[in-house]
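Biologist: Before I plan around this model, I would like to go through it with you, one question at a time. Could you show me the sequence and structure?

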Amino acid sequence: MLSFTRFDELACDVLVIGGGVAGMMAAHEAHLTGARVMLLTKSTFPAGSSSMARRGYAAALGHGDSRDNPYEHWKDVVSGGYGINNQRLARIMTEEVVERTYTIDSWGLGLVKDEAGNYGQEFSPGEIYPRLLHCISGMGKPLMKILSTRVKELGIEVHNHAFLVDLLKDDSGNVVGAWGFKHREGKVIAIRAKSTVLCTGGAPQLHRINDSPPQVTGDGYAMGLRAGAELIDMEMIDYVLTTGWPKKMEGYGSNSHTFLAAGGQFLNRDGERFMKRYNPNAADGIFENGHRSLINRGIGTEIFEGQGTDHGCIYFDVRDAIDAAGEKGESISRAFRNAGVDLRKEPFEVCSCPHTFLGGLRIDEHGHTTLPGFYAGGEAAGGVHGSNRLAGAALADSFVFGSRAGRTAAREAKDKEAPAIPEGAEEEVRTSLKARDTASVGMSPETFRLALQENVYNNIGQVRSKERLLKGLSRLKELRQGARSVYLQSGTEPKHLKELIGVIETENLIDVASMIGTTALLRTESRGGHVRFDFPEQDDENWMVNITVFKGEKPGEVRTRIDAVVEEDFPSPVSLGNQAH
Ligand SMILES: Cc1cc2nc3c(=O)[nH]c(=O)nc-3n(C[C@H](O)[C@H](O)[C@H](O)COP(=O)(O)OP(=O)(O)OC[C@H]3O[C@@H](n4cnc5c(N)ncnc54)[C@H](O)[C@@H]3O)c2cc1C
């Protein structure tokens, strides 16, 4: 049982929530704008999906092809998003990521360059010029290292293992900070801030099997919703393939790309090479070598129709692809051999998992959300990518809109008085914590999480239908009611708080799943990452729009609004007589 009387208070000009790329960029920029910044993150620092980034990121430097420029990049991003991107945000990203690249590389990122100093740039699907910048081995680790070093060198105050639960709002509706737990110290904290920047990443933990770190649980989307902010495009998720079986290899992701290019084949439970039906015109008869959303759609549909394996996956037969995949193929098959599967003799199993969330808090070009004093950037914000994102665009987005949100937050903090803790906030927290302490029997936090994940996978997952979405939404209501009867260990406070945090994360995931399910039900078409089994076609006449979601009157209720896409006139550099490169 947690005894709570008063918040442990902290105060700053700009509170940044999240220690991934977007959070670090926001903190950095807010500090340079003259603000006293505090960065709080629930895990170690730095961490987040950013640390897992593999390939690199896209910027139209024109080193791979001198015809490239931000305008060409913008056209690719907008057509890749199937027309519902916020075109202004997309323009800003493609323009500013160029300058960001030179700055970040000057801090020592180590992007690959040739002897003449030209950056190595690779092609990615959906892009007409090579743009992907990369390091020698992986992107996440070197990137996190240089950004966190920079944050520390600037003397920015960082608090890790600080889980924030909700935003604090004053009587006029301004966001004035947030409250949460430092569970290792058994403390309930409140941070008073003139501006609050949310960079809490996506919600990949909606699926039990996923390729992302455990701490990314959609908290920011749920916090924003509860505080009254608007979110957009929540039905749009970028799925990727990951290993679903053998159990020891669950979530292992670095196999599909290598083996697909080398001739690996997907088989359903009847042994049929089903991608023939989804990609009949594939070059050289390699039906499995299509773009990401096509492959995910094929696999998701087979599983949806009951043609999957007993583990809810499909088979990936790579027997004849290992040698063709060279050293990488050999190293992957070694990893599987260690887990007891000989890929030269038997297939393994793959499924799709949520990789990047394309929707999120609605922001404008400066990083303002729809609430005063509240800003967002990176994967926590939505709109840049529309219904599908191109490879390398997530980091580009986090660099640019993390920085912009931090800068705006710091500028606007300058004219504000230091806020007080809103009256009644402590009492509200005390009451809500007390209410949670009443359960003495019931589901464990782990069972609660698994029940939510199972519901999402089966009913609100990658391939959707009216029938399943309704079933999923109704189950979410039951789960929400069940939350208060999740049994928490009493015992010592840190242990209790850790379990409580797990339950709150699951409740946040329920909020996120409700937003996804509600918007997915409304959008009666298939577009990019949103696949409706009962509406398989893209319907531009009715659905070239964004769905905005916000909190309803009743607890847990979400409401929607349909908005026109934000268009942008981005004059071609050629039409301006300004030949790029
Ligand atoms: C396996 C993998 C590979 C990828 N590869 C690439 C790639 O090659 N190129 C590319 O462009 N993109 C890639 N992405 C996507 C990209 O990494 C992310 O979209 C991007 O890094 C998101 O950054 P972020 O800062 O917004 O969020 P994150 O990096 O996820 O950071 C979120 C932060 O918020 C903190 N947080 C969350 N909730 C709370 C809370 N309640 N209280 C306090 N702190 C909280 C977390 O601890 C974390 O520090 C990849 C993603 C994955 C999973």
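Predicted model: local features only at pLDDT ≥ 70, side-chain atom pairs only at ≥ 80, totals over all residues.

Biologist: What distance separates the end C-alpha atoms of H10, and what span should its residues give?

Modeller: At 1.5 Å a residue, the 21 residues of H10 should span 30 Å. The distance in the model agrees with that expectation, the end C-alpha atoms being apart by 30 Å.

Biologist: Which element gives the largest share of the shell around the ligand?

Modeller: The ligand is surrounded by 42 residues, with Gly 18, Gly 20, Gly 48, Gly 201 and Gly 378 the closest. The largest share, four residues, is given by H10.

Biologist: How many residues of the shell around the ligand are charged?

Modeller: The shell divides by residue type into 19 polar and 17 nonpolar residues, and the charged ones number six.

Biologist: Is Tyr 375 buried or exposed?

Modeller: Tyr 375 lies in strand S15, which has the highest mean pLDDT among the elements of the chain, 99. Its contacts, leaving aside residues up to four places away in sequence, include Ser 195, His 368, Ala 405 and Thr 408. Gly 406 is 31 residues from Tyr 375 in sequence, yet the two C-alpha atoms are 7.9 Å apart. Because Tyr 375 has 32 C-beta neighbours inside 10 Å, it counts as buried.

Biologist: Which strands stand at the edges of the open sheet of five strands?

Modeller: The order in this sheet is S16-S14-S9-S19-S20, and the pairing is mixed. S19 and S20 pair in the antiparallel sense over seven bridges, with Val 549 bridged to Thr 560 and Ile 547 standing opposite Ile 562. The edge strands each have a single partner strand, so one side of each is left without a neighbour in the sheet, and these strands are S16 and S20.

Biologist: Which residue in the hairpin of S19 and S20 takes a positive phi?

Modeller: The hairpin has six residues between its strands. The positive phi there, near 80 degrees, belongs to Gly 556.

Biologist: His 161 and Asp 233 each have a positive phi; which of them is buried?

Modeller: His 161, in the loop between S5 and S6, has a phi near 50 degrees and counts as partly exposed, because it has 16 C-beta neighbours inside 10 Å. In the loop between S9 and S10, a phi near 55 degrees is found at Asp 233. With 30 other C-beta atoms within 10 Å, the buried residue is Asp 233.

Methods:
Residues numbered from 1 in each chain as written. Near = placed C-beta within 6 Å. Helix = DSSP H or I, 4+ residues; strand = E, 2+ residues; numbered from the N terminus. Nonpolar A, V, L, I, M, F, W, Y, C, P; charged D, E, K, R; others polar. Pairing = 2+ DSSP bridges. pLDDT = per-residue confidence, 0-100. Expected span 1.5 Å × (residues − 1). Buried ≥ 20, exposed ≤ 12 C-beta atoms within 10 Å, placed from the backbone. Contact = placed C-beta atoms within 7 Å.
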